[in-house]
Every structure is written in C-alpha cells, then in structure tokens.
Amino acid sequence: SLNHNYLTAKPFPHCIIDNLLNPELLNEITKEFLIKNGNYTDFNNPNEKKIALNDWKQFGPTTKKIIKYLNGQPFVDFLEKLTGIENLISDNNLEGGGLHQINRGGYLKIHADFNKHSLLNLDRRLNVLIYLNKNWQSEWGGDFEMWSKDVKSCIKKVSPIFNRTVIFSTTDFSYHGHPNPLMCPEGFSRKSIALYYFTHGRPSDEVQEGLEYHSTLFVKRKISKQDRSMSIYNFKKKLKFKSIIKLLLPAKYVDIITGIRRGKK
C-alpha cells in the first residue's frame, strides 16, 4: 500500500515509517551503542564530522541480531515490494553502513552517495536509516534533509526521533544530508543504524554521465557560502576473496566464522 506513495514522493522516491521495529529491541541497541569505545572510523573534514562503526565484532548481541534481520531475505522482500526495485542484495560487509553517531557540532553536508560497492562492483540502490534518539528536541537540529536536484531548496526535513525509519532510493541526484552543526547538549548525540542495498546494474537515468564510478558527491547548496563541492572517485579495486565470501554468506554465519577466527588467534 506504500508503494505508490514511495514512487511519487518528492524530491526523490522515499518513505518515512514510524515504529517499524520493536521498541524494546531498539532500547537494547541504544544501551549497546558503544561506538565511542569501538574500532570506529572518524570522519572530520569540511564536508562531514561524524563517527561510524561497521565491525561485527564490536556490536552487542541485540545490535547484531537486528542488523542480521534487516539484511535477511524477509526484510529484503519487503523492501522490494515497497520500492519496486527487484533483486536487491544486502551487504554483510556493511560498507559505509553500520552504526553512525554525530556529536555536538557534527554535520554531514548535502551529498549524493557513493554509487558502487568497492569490492563487488554492485550498484547502490537503497538506503535504510533507523534513528535511535529518544526525547529529541527540535532546537538541537539534526534533521535529515532532502534537497532538490538543482540544490536550490530543501524539499523535506525529517526529525531523527526514536524508532523512525527513513527508506530512500540512492541515485546521483538524490541529494540529502544533515548540513548544519548539531546543537544538542554535551553528552547527547544523534545515533542511527544505516544499511545499504545493491543490485547488479541500474537504470541509466540514475547516473550522471561520466560518473559511472564515484564515491560521495558533496555539493554546494545555493543558499550557503560554507559548503564545498568535493568528488573523490573510486576506481575498481582488486576483489578480495574473503570479502566476497563474507558478502555472499547468509548473515547468520558471519559471527560464527568471526568467532572461529578469533579463537585461533
């Protein structure tokens, strides 16, 4: 029933679903959210200031369970029916995904996402963002913003409140982000789960000519003098056998293999 609304949403196909997941499970994930203590990636440059964690070994048990479910076939089937995108492939490598956290003063400027999986050359088609922020105050900012194709106007803002899920199609023109510095008090942060889904190939009208392989495309908002355009291109990388196996295995086996490998060390 949401398919029509998804396909006709502006400025690009998307939907917002509140209370999609069991709140008790999300409460447990919030308690397990140990990104500051884990082996995280720190992004700190003029276009983004955030931290991210995609290491399965650092996830708590409930976090691992939920991510496995969201990467599993029943949820992928739901996404295919919702979006009309067939043959979606989830990513057990969590490239660019996993747990995301933005602290006070952090931001993510307006951008279009990287369009290829760096290991398997798959096309990135869909994002699923699940917010974990209880008692979020509007004056703190942190809204997820969706911008027009010409980057002249923000078409929609979405508050990152607890158990809100944003699902949207990713193309070279689906400009989005959290561009203004976060104003939450010290000790608070903007937390989310980010998962991406891929296909073999994509429609040609979703690609800018000459940008068949690219990483994140940051763009200047017409209303801001502080934004910087930046495009870093990812060329095809040599495939790593262990990464291919990790991606293709059912998610339930990922932590079993990880446990075996850790036991040998």
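Here is a short chat about a predicted model, going through some helices and a few backbone details.

Me: How do the axes of α2 and α3 cross?
Reply: Helix α2 (residues 23–32) and helix α3 (residues 61–71) have axes that come within 8 Å, and they cross at roughly 125°. That makes α2 oblique to α3.

Me: Left-handed or right-handed?
Reply: The crossing of α2 and α3 is left-handed.

Me: Which residues meet there?
Reply: From α2 you have Leu-25, Glu-28, Ile-29 and Glu-32, and they meet Pro-61, Thr-62, Thr-63 and Ile-66 in α3. Sorted by class, that contact has four nonpolar, two polar and two charged residues.

Me: OK, switching to α4. Which of its residues are buried?
Reply: In helix α4 (residues 73–83), Phe-75, Val-76, Leu-79, Leu-82 and Thr-83 are buried. They cover an arc of only 120° around the axis, so they sit on the same side of α4.

Me: And what's on the face turned away from that buried side?
Reply: That face of α4 carries the exposed residues Pro-74 and Lys-81.

Me: What follows α4?
Reply: Gly-84, with a positive phi near 80°.

Me: Which non-glycine residues have a positive phi?
Reply: Asn-19 is one of them, at about 60°, and Asn-135 is another, with phi near 55°.

Me: Where are they, and are they buried or exposed?
Reply: Asn-19 is in the loop between β1 and α2, and is exposed, with a relative accessible area of 59%. Asn-135 is in the loop between β7 (123–131) and β8 (144–147), and at 64% relative accessibility Asn-135 is exposed.

Conventions
Residues numbered from 1 in each chain as written. Predicted model: local features only at pLDDT ≥ 70, side-chain atom pairs only at ≥ 80, totals over all residues. Heavy atoms only, no water. Axes fitted to C-alpha atoms, helices over the stretch in contact; angles between N-to-C directions. Helix = DSSP H or I, 4+ residues; strand = E, 2+ residues; numbered from the N terminus. Parallel < 35°, antiparallel > 145°, perpendicular 65-115°, else oblique. Left-handed = near helix turned anticlockwise from the far one by under 90°. Contact = heavy atoms within 4.5 Å. Nonpolar A, V, L, I, M, F, W, Y, C, P; charged D, E, K, R; others polar. Buried < 20%, exposed > 50% of the residue type's maximum accessible area, 1.4 Å probe, protein only. Arc of directions from axis to C-beta.
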